[in-house]
Amino acid sequence: ILLLLLGPNPSSLMPGVKMMMRRGDSKRAAVCVVTAVTLVSLFLASLLTCRERRLGLLSSGPTNKNIIRNNCRYQNLIKGVPLSSSSFPARTTRRGLAVTPRAKYAPTIEIEGEWDFWKLDSAVKAVKDGGIVVLPTDSCYAFVADVNSKEAVQRIYALKNIDPETKKPLSLLCHSISQISDFTSGMQSKAAFKILKSTLPGPYTYILPASNKLPRMILEHKEHKKVWKRKEIGVRVPQDSVCQEFLKLMGNPVLCSSVPSDTESNQLAVEGSEIERTWAHRVDFIIDNGYRQTEPTTVVDMTIEDGLKVLREGAGEVGIFEPYLANDS
């Protein structure tokens, strides 16, 4: 058909079609033109498909971590479906060797600016469904879980190898001071409200009495005895645009705990790539927003009757608390 259209001389314009038109066979000429265009389109489509297969976008199983990240970014990110080994069925090479599918890896969401905030929807949905997400804050990266999900809270304790009998609570990440007032009862005094308003958002953690609105999370050991009942809670309002947008989309606070660089160290993780290597197979999403400092927040106890006490000096300045310190501080 191509020879008929082009003829022996490519410089002439479709001599075969012209010949058919002169003979009055216009239908046959139209069929030849449509067929030729279809063949050329199929040829170009096959070339594009081969190129995508070489890049690994259409392969039956990823061969490296970059392909996993590409697949999750372009296929699972919008759907909100974490990767799993079932997403990549086992395949066989040309020599008949079986290739084992990769284990579950958490999709990594890279946030470079406000134009990427739409990507947070999938991670927010995962947390609301009881998942664990790694979220950047103004001090470090943190594991976050829904405040109403007991299973997710227990997962965080298991990730960090924390025994519930130690009674070590998690902190509450809030979007604003108004959310703090909803879940705590320590902002009744003007002094407390003044301190929080002047330092938040910022790298501070304030320990306040918990209100009845906060779920009474009861952690049990093997004998199912009550070993800790939350009566107070540490609260934070991070000064971080990504974290603030995440909390805004959540609509309610999340429980959090800092992410260590590995399972055996107390050193904090500072980059998304470092978190991927250690935690990608144990969480549901990782939100990567670049480097974070290793200095933790300043922790202030506001449950003391005659003032407050600085329990840990961190990234936040402590000089502003001098007029309010308790006598034993």
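Biologist: Is Asp-129 buried or exposed?
Modeller: Asp-129 is exposed, because its relative accessible area is 56% and the cut-off for exposed is over 50%. Keep in mind that this is a predicted model.

Biologist: Which side chain does Asp-129 meet in a salt bridge?
Modeller: That would be Lys-125, with 3.0 Å from N to O. Lys-125 is partly exposed, at a relative accessible area of 44%.

Biologist: How many salt bridges does the structure hold?
Modeller: There are 5 salt bridges in the structure. One of them joins Arg-292 and Asp-240, whose closest N and O atoms are 2.8 Å apart.

Biologist: Where do Arg-292 and Asp-240 lie?
Modeller: Arg-292 is in the loop between β12 (285-288) and β13 (298-301), while Asp-240 is in the loop between β10 and α9 (241-250), so this pair ties together parts that are 52 residues apart in sequence. Arg-292 and Asp-240 are both buried.

Biologist: What about Asp-116, which residue does it form a salt bridge with?
Modeller: Asp-116 pairs with Lys-119, and their closest N and O atoms are 3.6 Å apart. Both Asp-116 and Lys-119 are buried.

Biologist: How far apart are Ile-111 and Asp-288?
Modeller: In sequence they are 177 residues apart, but in space the distance is 6.1 Å, C-alpha to C-alpha.

Biologist: Changing topic: how many residues are in the largest nonpolar core?
Modeller: The largest nonpolar core has 45 residues, and Phe-143, Leu-172, Ile-180, Leu-196, Tyr-206 and Met-302 have the most contacts inside it.

Biologist: Which helices and strands each supply at least two residues of this core?
Modeller: The list is β5 (141-146), α6 (150-159), α7 (177-183), α8 (190-199), β7 (204-209), β10 (232-236) and α10. The most comes from α6, with 5 residues.

Biologist: What does Leu-196 touch?
Modeller: Not counting residues up to four places away in sequence, Leu-196 touches Ile-177, Ile-180, Met-187, Tyr-206, Leu-208 and Met-302. There is also a second, separate core of 22 residues, which includes Phe-117, Val-127, Val-242 and Ile-287.

Biologist: You mentioned α10. How many of its residues are buried?
Modeller: Helix α10 (residues 272-279) is mostly covered, with 6 of its 8 residues buried. The buried residues are Gly-272, Glu-274, Ile-275, Glu-276, Thr-278 and Trp-279.

Biologist: Last topic, pockets! Which residues lie nearest the centre of the second largest pocket?
Modeller: Those are Ser-189, Ala-192, Met-302, Ile-304 and Gly-307, out of 13 lining residues. The pocket holds about 220 Å³ of space.

Biologist: What is the lining of that second largest pocket made of?
Modeller: The lining divides into 8 nonpolar residues, 4 polar and 1 charged. Helix α8 gives the largest share of the lining, 3 residues.

Terms used. Residues numbered from 1 in each chain as written. Predicted model: local features only at pLDDT ≥ 70, side-chain atom pairs only at ≥ 80, totals over all residues. Heavy atoms only, no water. Buried < 20%, exposed > 50% of the residue type's maximum accessible area, 1.4 Å probe, protein only. Helix = DSSP H or I, 4+ residues; strand = E, 2+ residues; numbered from the N terminus. Core = buried A, V, L, I, M, F, W, Y, C linked by side-chain atoms within 4.5 Å. Contact = heavy atoms within 4.5 Å. 1 Å grid on protein atoms, 1.4 Å probe; cavity = no way out; pocket = protein on both sides within 12 Å on 5 of 7 lines; lining within 4 Å. Points joined across faces, edges and corners; volume = space filled by probe spheres on them. Nonpolar A, V, L, I, M, F, W, Y, C, P; charged D, E, K, R; others polar. Salt bridge = Lys/Arg side-chain N within 4 Å of Asp/Glu carboxyl O.
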